[in-house]
Every structure is written in structure tokens, then in C-alpha cells.
Amino acid sequence: MLRMPEPDQNTLARRKDIIAAMRDIIPSPGGVIVDDDQLRPYECDGLMAYRQLPMIVVLPENTEQVAAILKYCHTHKIRVVPRGAGTGLSGGALPMADAITISMMKFNRVLDIDWDNRAAVVQPGVTNLGITRAVEHEGFYYAPDPSSQIACSIGGNIAENSGGVHCLKYGLTTNNVLGVEMVTIEGDILRVGGKGLDQAGYDLLGIITGSEGLLGIVTEVTVRILRKPETARALLLGFNSSEEGGNCVAAIIAAGIIPGGLEMMDAPAIKATEEFVQAGYPLDVEALLLVELDGPQVEVDYLIDRVGKIAKDCGAVYSRISDSDEERLLFWSGRKNAFPAIGRISPDYMCMDGTIPRGRLSEVLTGMQDLSKQHGLGVANVFHAGDGNLHPLIMFDANKPGDLEKAEAFGADILKLCVAVGGVLSGEHGIGVEKRDLMGEMFTSDDMKHQERIKMAFDEDQLLNPGKVFPTLHGCGELKTLHAKAVADKFPDIPRF
Amino acid sequence: MVDVLSPTTPDQLRDAVGWALGSETPLEIIGSGSKRAFGHAVQTNAVLDCSQLSGILFYQPEELVISARVGTPLADIKAALAEKNQQFHFEPGNFPALVNGGVGPDAGTIGGLVACNLAGPRRIKVGAARDHLLGFEAVSGRAEDFKSGGRVMKNVTGFDLSKLMAGSFGTLGVMHTVTLKVMPNDETSATVIVACSDPRKAGKAMTLAMRSENEVSAAAWIAPEDAPHLDVPLAGEYGSGLVALRLEGPHPSVAWRADALCRALAEFGECHEVPESHSHSIWKVVSDVAPFVASENTNSLLWRVSVPPASGGDVCADLIEKTGGRAMMDWAGGRIWLQLAGSDAADGMAGTIRDVVTSAGGQADLVRAPSEMRNTVPVFHPENPALARINARIKENFDPHGILNPGRIAPVSQNGEGA
């Protein structure tokens with residue numbers, strides 16, 4: 001089972017003083033939450049299998065308050081768990097019994113929209129979809145679109161480097177963020193990046209994005225906004241095997257076409273979603289591709305035609321093209337409801353998030369079927385086929401003793417399989433606590449120590465979000481030590497090659 | 001005598017860095033050496049030459065990924081991609097020719113390109129090398145192997161060290177392997193040009209074009225005296241400067257968008273659509289910054305300015321007025337190249353230029369200057385002190401004895417330590 005760092009008794013003993021200090025910093029009513037009843041909603045994020053009441057929750061309202069809180073925590077060595085909307089799926093916002101959870105949801109304003117630079121400056125608690133809502137009247141939108149976009153915050157998106165269904169063409173969060181204001185654990189307010197495209201020094205913006213709340217708390221975000229494509233149309237393509245479906249994806253890309261969306265579902269996922277939303281999916285195919293082309297009408301019509309021909313050559317046994325936006329959205333409704341659809345046929349499900357080289361798809365799916373038999377649990381697959389990001393949905397019953405553990409073991413085996421074929425542990429959900437102990441499948445101890453050395457440059461005392469991402473916390477001393485003599489002994493002579 | 005270490009395998013690379021660490025011998029790290037004159041001069045008694053760490057490890061066009069040893073010549077990689085009708089979407093030009101008069105086309109290595117985080121005109125739409133580096137393997141200044149990322153497009157496993165390594169100029173670790181995303185060439189491209197000699201007006205035209213829904217993939221301004229470089233018949237006829245706007249994609253889409261863009265830009269004067277062959281040559285000139293190459297501009301200085309794109313026109317005009325230099329804009333104004341005559345002020349007018357640029361929220365790097373000037377003028381834009389503290393800690397944690405490219409980013413004499 002998951003082990004988190006032991007609570008610090010000294011901190012717990014000072015809880016009253018800490019609450020008083022926080023109330024001095026945030027005088028507004030409701031800004032400091034201390035009662036169990038009110039702490040309860042914060043006990044988990046989207047990874048609901050793990051729960052822990054926070055010591056207290058604070059809801060700061062401005063950057064100065066965040067700086068004061070972190071400075072206090074740094075001085076008094078109190079742990080901190082940053083939290084956005086709490087929709088994360090890897091437990092990145094899982095509280096700790098001795099830590100202050102800092103909720104950023106009062107940072108909910110759009111500060112500036114700079115149409116000429118195509119940039120929006122927003123506070124981190126603004127939802128992902130909220131950015132698009134703020135700019136769509138001028139024909140703009142924000143491209144990364146995680147499926148939780150209605151609820152998830154842009155600050156959380158920065159922490160997790162969130163993706164979505166349009167990554168192949170439009171990139172992840174990291175490719176769409178221009179700058180952040182971030183408060184360090186020492187209480188320094190940093191401005192990293194901006195509306196220009198270059199920054200002096202190392203690429204700290206690139207490191208902060210996807211750092212899962214381990215480096216600081218982001219208090220302002222500048223993102224790139226794009227013109228919304230004039231139109232979009234989608235094709236549904238059915239195949240007799242996932243291999244044929246995968247080959248069709250490769251053929252589309254080989255033809256130089258990069259669709260806005262390129263999704264695939266296997267037979268169990270097709271069946272579950274069709275029963276749930278009646279999107280009109282064919283039930284007699286083994287793999288279903290959903291291809292969306294976006295752009296000017298002339299381009300979309302032209303490419304739809306080309307993709308249709310490619311699919312025919314690849315052996316598609318089913319093909320349907322959306323004729324209206326309603327029909328396109330209907331095609332998507334199945335895919336977008338895949339998770340609840342599985343939730344309908346199984347008491348519980350666990351959503352995994354590996355990425356694989358696309359060419360290894362059928363091998364991985366076969367391997368997954370073998371693992372399914374071995375663990376005695378069902379699995380359905382939805383797949384961002386364009387970029388290789390796989391979401392196996394493991395079906396189990398948490399009320400059945402031992403089922404959760406079985407599901408976790410099955411999930412771990414799937415991720416190991418992804419890594420074994422050249423893929424990775426997480427495509428877009430992050431490591432958090434969920435995949436923390438699997439990091440060693442992908443990284444050596446030295447690999448992880450170099451990541452931790454970034455952590456040391458920002459947060460030497462390891463107060464920010466401890467117990468997340470890294471399976472073993474090395475002490476700062478150990479990470480910094482360099483035994484010069486040992487190195488000299490190991491590499492004594494000038495090498496001659 | 002300068003020792004030159006030329007490892008041919010990752011193991012040998014680790015041994016070389018290990019020896020340097022153990023014997024406290026700082027290393028200058030080079031690939032082909034094509035960009036050696038960029039940044040502050042590194043003074044060491046040993047050179048780590050990575051050019052023998054060479055070769056494409058795998059290239060899978062249908063998976064849009066290529067992996068190569070860092071010393072692989074960029075020309076070899078571009079040739080392999082061209083054969084499959086693919087490219088690096090970030091479109092790096094021949095940057096080495098701006099700092100080194102003796103290099104040929106597509107000079108440099110893939111490792112050097114990543115370490116300098118280069119990017120060409122399409123950056124305004126798709127980012128720089130940092131955005132396309134999927135993973136790397138390296139040896140840090142602690143003589144330890146480390147890697148990050150992988151070979152897949154979507155990956156959030158652990159901290160994204162690839163971003164850190166791109167643009168770190170070999171000061172944190174010596175990469176031996178890089179894996180990058182590639183993209184198909186577009187079916188066709190066209191360029192819309194508008195006569196325009198005033199950089200302020202050009203900035204407005206580019207901003208309007210980028211705000212339109214026509215998916216402009218590159219936007220540049222070329223001054224009247226440099227327009228003849230473009231080798232486009234119309235450019236000569238105009239006798240003026242030009243705004244150039246590129247459209248890429250399937251044929252019917254490009255044609256449709258070119259018409260729409262011309263209509264949208266009517267207020268700026270007559271628009272012309274340049275056919276595909278000339279379009280390619282225009283963007284080669286822009287990505288290579290051909291008017292300002294070192295070989296044809298001896299005794300001149302070259303600055304590289306980055307500002308929020310919409311302020312580029314005004315900043316560019318200010319810089320020309322205050323320095324008397326020649327300028328060109330790329331990235332819809334977000335990138336300004338400014339060339340000064342070498343006889344200008346001894347500090348390369350750094351104070352004047354950085355004042356203008358900083359007040360616009362941007363930064364300026366001195367790309368080409370004699371090494372004596374680079375000893376005294378900070379080549380790279382000064383970092384904000386709070387960020388500089390964090391950068392210094394990262395450097396110290398990755399390279400505690402300062403053996404990797406000491407002084408490359410900031411002169412050693414300036415702060416008493418390597419950067």
C-alpha cells in the first residue's frame with residue numbers, strides 16, 4: 001500500500017498557533033478552514049481511492065497572501081499541499097495530516113486579454129474552459145482540452161502539464177503557456193516567461209510546467225490563445241482488428257495529414273458507450289476510429305475526402321462522415337462519455353494513462369488481454385491514437401475485498417508493459433502518488449536524483465507537496481554531496497579513445 | 001597545450017567527464033564547433049569534442065520521431081527527413097553562418113541545435129527546439145548518466161528536464177543522445193507580400209494577419225535595402241521593404257486563405273500572392289537571416305532581440321533610430337535582428353539597445369561580436385536576480401565543480417564563477 005511521509009508531531013502540536021497565524025494573513029471569513037466537516041471535501045482529489053483530512057485548508061485571495069503563507073511555512077518548517085480544482089487523477093493534491101492545503105480557487109479572475117499578442121493573462125483558479133469562454137466572442141479559444149475542462153483549473157493544468165484530445169496538432173499545456181507568476185517556498189515572487197517567446201537563463205517555465213506542485217505555487221498564468229478553426233468535421237471508421245485501425249492511423253499521418261483529433265476505442269469500450277449514449281457506433285467492429293479535421297471549410301472538405309479514401313484502402317468496414325455539427329458532437333459524445341459509460345457497467349473503474357509508440361498498439365492490446373485473464377478483471381480501452389496515449393479502464397468492485405489491490409496490480413502491470421515497449425508511465429495525468437512507486441520502471445536512481453536536484457534548487461527543505469512524484473526522498477545533503485576523491489579514483493587517467 | 005577528448009560512445013563520454021571532474025579540469029564542449037563564437041569565449045585547457053558521437057539511432061516517419069547521437073551533422077538529419085517528406089517543424093535556419101563566416105549550408109550538429117534552442121520563422125506557430133525535444137540522454141557535471149523524457153509525443157512522467165537541457169549551452173550536462181518530434185511537410189505553401197518600408201506599419205500588418213483566422217505560419221518584415229536578397233521578381237519592382245506572410249497546408253485551403261488574407265490586409269496596400277517556389281526561397285532567406293550572415297558583413301555586430309510580437313514594429317523602429325543599424329523582423333515582430341557597424345560604441349550599444357528592449361518587456365542577446373567585446377559585454381540578456389539565484393542553484397547541483405563550459409553564459413570574471 002501507499003506510504004506517505006510520517007506526520008510531524010511537532011507541527012501537529014502547534015496547530016492552534018498555525019491557525020492563528022493563517023487567520024492573521026487571511027482575515028476574510030472562510031479563508032481558513034479548520035473544522036472536520038468543512039475539511040472533508042478536501043480529503044481527496046480525482047483519485048478517490050486515497051483519502052486524508054488535511055491539517056487545515058487556507059484559501060488565499062492574492063499573491064501577497066500566498067507569499068506570506070509560504071514564508072511562514074518555510075520559517076516554521078510546515079508542509080504544504082497546493083490544490084486547484086481537485087480534479088487530478090493521480091493524487092497530486094492528496095492532503096497530509098500535518099500539512100496546510102492551499103486551495104487556489106479564489107484566484108478566479110481573467111486579468112487581461114491581449115488580442116494583438118494572442119495571449120490571455122488569468123489567475124490560476126480560472127477553469128480551462130473558462131479561458132475559452134472569455135475569448136470566444138472574438139473567435140478565439142485555448143487549445144489544450146483535458147476531459148475535465150469544465151471543472152479543472154489552469155493552475156492545475158500547469159502543475160500536471162495537462163493534455164487532451166488535440167495534443168498531436170496543438171501540443172500540451174507546456175507548448176501553450178507563455179509565462180507564470182510563481183511564489184517560492186521562501187516567499188519570493190518570481191515572474192517567469194511572458195508575452196515574448198524567449199527567456200534569459202535556463203528554461204524555468206518548461207521545468208515548472210508539469211512539476212506537480214513541488215516547486216512553488218503559481219499565482220498568475222499567461223497562455224497563448226488561438227483563432228478557433230472555421231469549421232470541424234469528423235469521421236467514424238470501423239475496423240475488424242485494432243491492428244488495422246492502428247495501420248490506418250499510421251497511413252493518415254504518413255500522408256502528411258495531422259488531424260485535430262484522432263481517437264480509437266476497442267470493442268468493450270464501443271459497446272459500453274453505445275449502450276450509454278447511443279452515439280450510433282457500430283457494434284460489430286473490433287476497433288473504432290474517430291478522426292476530426294478542423295480548419296477552413298475548403299480544407300476540411302478536402303481532407304475528409306482524403307482520409308475517407310485512406311481508410312478504405314486500410315480495410316475500413318464501416319465509415320460515416322458527420323454532415324452537421326450536431327452529428328459531429330454526437331460522434332464525440334460516445335468517446336467523451338467513455339468513463340461514465342464504464343462506470344455504468346462496473347461498480348468501480350480505474351483509469352490508467354500510459355503512452356506507447358503507436359506501432360506497438362496491437363501488441364500492447366494483446367498483452368493487456370492476457371493480463372486481464374491473469375488478474376481476473378475486465379478492461380476497456382480508449383486511446384488518443386494520434387499521440388499514443390492509452391487510457392485502459394480497469395473494471396472492479398471496491399466493495400469486494402481484495403478487488404482494489406487486484407486492480408492496482410493489474411494497472412501497474414499495464415504501465416510496466418507500456419514502458420517495456422518504449423513508452424512511458426503517464427501521458428497526461430501525472431505521477432502524483434498513483435504512479436510514484438513505479439518511477440523506477442522508467443528511471444534509474446541517478447535519473448531521479450537529477451530531477452530531485454531541481455527540487456532542491458527551489459525547495460531545499462522539501463516542504464512543497466512531499467510524498468508526490470518521487471518514490472524515495474533523498475536528503476538534500478545526499479543529493480548535493482560529491483565525493484571528489486572517489487571520482488578521481490574512479491577516473492584516474494586522461495582517457496584516450 | 002589543449003587536450004582534445006573525442007569520445008565515440010556514451011561510456012567514453014562518461015569517462016571523459018569523470019576524468020575532468022576528478023582532475024578538476026574544466027571542459028569546453030563542442031560539436032562541430034560551428035557556433036563556438038556564440039556566447040562568451042570559454043577558456044579551458046581541455047576540449048570535449050562530441051562530433052564523434054554520431055549517427056541516427058532510429059527514424060520512424062510514421063511515428064513522427066527521430067533519435068540521433070548529438071554529433072550527427074544537421075545536414076545528414078535534414079537529408080534523412082527530406083527523403084521521407086518530413087521536417088523539424090520549428091524550422092531552424094543556418095544560425096552558424098551568422099557567427100562564423102566559414103561554414104556551409106545546414107552547418108552544425110543536432111546536439112548544438114538543441115543546446116542553443118534554435119528556431120526559425122515557424123516558431124510563432126509551433127515553438128522552438130524545446131517544444132520538439134521528446135527526450136535526451138546525458139552525462140551531468142557529476143559524471144553521472146541521466147536521462148529524461150522518451151520517444152513518445154505525450155509524456156508527463158517526472159520533471160520535464162528536456163526543456164531545461166534545450167538552451168542550456170552544455171552547462172548542466174553533456175547530452176549524447178537526443179530524440180525529437182518531426183512533422184510532415186505541408187502539401188503546399190504560399191506567401192502573401194505587401195510593400196511596406198515602415199517597420200511600425202509592418203508591425204501592425206503582421207499583427208492583423210496573426211489575429212485573422214488564416215493560420216499564418218510565419219510573418220516577417222524585410223527592409224528596403226535587404227529586399228533584393230529575396231530573389232523574388234516582385235520584390236525588385238516594389239523598390240520598398242516587404243511584409244511577407246506564409247500560409248501552409250492543402251492546396252485548396254492555401255488558395256482560399258491567401259485570398260482571404262489579401263482582403264483582410266487591403267488597408268496596408270496592394271497584396272500579392274507569391275507562388276510556392278518563390279515562397280520557399282523567401283523563407284529560406286528569413287530563417288537563415290541571409291542579409292546579415294557573417295561572411296558578407298565583416299566587422300559588423302549582430303543583436304538578436306525578443307519582444308512581445310505586437311510591440312515588435314515600434315521597438316524595431318526605435319532601435320533603428322537610436323542605433324543607426326539595419327534590422328529585420330521575424331515571428332510577427334517577436335524577433336528582431338539588428339546589425340550594427342563594427343565601429344560603433346565599444347559596448348556594442350548594449351545599454352541603448354537593452355533599455356529599449358527591456359522597457360518593452362523583452363530581451364536582447366549579442367549574437368556576433370569580436371571576442372574582446374564579448375569579454376566585457378554580457379552576451380545574454382541579464383537575468384532577473386530572483387531567477388538568477390535559482391538558475392545558479394540548478395547549475396551548482398548539476399555541475400558542482402563548474403567543469404562544463406565555464407563562463408559560456410556569463411563571463412567567469414564577472415561573478416567569480418562559471419555559469
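**Entry 1: strand β14 of chain A**

I looked at both faces of β14(A) in this predicted model and found them covered: A:Ala287, A:Leu289, A:Val291, A:Leu293 and A:Gly295 are buried on one side, and A:Leu288, A:Leu290, A:Glu292 and A:Asp294 are buried on the other. Buried here means 20 or more other C-beta atoms within 10 Å of the residue's own, against 12 or fewer for exposed and in between for partly exposed, with C-beta atoms placed from the backbone. The strand covers residues 287-295, and nine of its nine residues are buried, so β14(A) is largely enclosed by the rest of the structure. Strands are DSSP runs of E, at least two residues, and helices are runs of H or I, at least four, numbered from the N terminus.

Next I checked the pairing, where two strands pair if DSSP finds at least two bridges between them. β12(A), residues 231-239, runs antiparallel to β14(A) with nine bridges. In that pairing I noted A:Gly238 as the bridge partner of A:Leu288. β13(A), residues 261-266, is also antiparallel to β14(A), with six bridges. Here A:Asp266 stands opposite A:Ala287.

Housekeeping: I count residues from 1 along each chain as its sequence is written, and chains are lettered from A and ligands numbered from 1 in the order in which they are written. As the model is predicted, local features need pLDDT of at least 70 and side-chain atom pairs count only at pLDDT 80 or more, while totals for chains, interfaces and linings use all residues.

**Entry 2: chain A overall**

I get 20 helices and 19 strands for chain A. Its radius of gyration, taken over C-alpha atoms, is 24 Å. The C-alpha box is roughly 65 × 60 × 55 Å along the principal axes, and 55% of the residues count as buried.

**Entry 3: where A meets B**

I found 85 residues of chain A in contact with 84 residues of chain B, contact meaning C-beta atoms, placed from the backbone, within 7 Å. On the chain A side, helix α18(A) (residues 445-458) gives the largest share, nine residues. By class that side has 38 nonpolar, 28 polar and 19 charged residues. Nonpolar means Ala, Val, Leu, Ile, Met, Phe, Trp, Tyr, Cys and Pro, charged means Asp, Glu, Lys and Arg, and the others, Gly among them, are polar. The predictor gives the complex an ipTM of 0.96 and a pTM of 0.97.

**Entry 4: chain B and its domains**

Chain B has 16 helices and 18 strands. Its radius of gyration is 21 Å, close to the 22 Å of the globule rule for 419 residues, so chain B is as compact as a globular protein of that length. I see 64% of its residues counted as buried.

An automatic or database assignment sets the domain bounds: domain 1 (1-185 + 383-419), domain 2 (188-288) and domain 3 (290-376). The C-alpha centres of domains 2 and 3 of chain B lie 23 Å apart. Their contact takes 19 residues from domain 2 and 16 residues from domain 3. On the domain 2 side, α8(B) gives the largest share, eight residues.

**Entry 5: confidence in chain B**

The mean pLDDT (the predictor's confidence in each residue, from 0 to 100) is 94 for chain B, and 96% of its residues reach 70 or more. Over residues 413-419 of chain B it is below 50, and the stretch has 13 contacts beyond near neighbours in sequence. Where pLDDT is low, predicted coordinates should not be read in detail.

Note on methods: Rg over C-alpha atoms; globule rule 2.2 N^0.38 Å. Contact = placed C-beta atoms within 7 Å.
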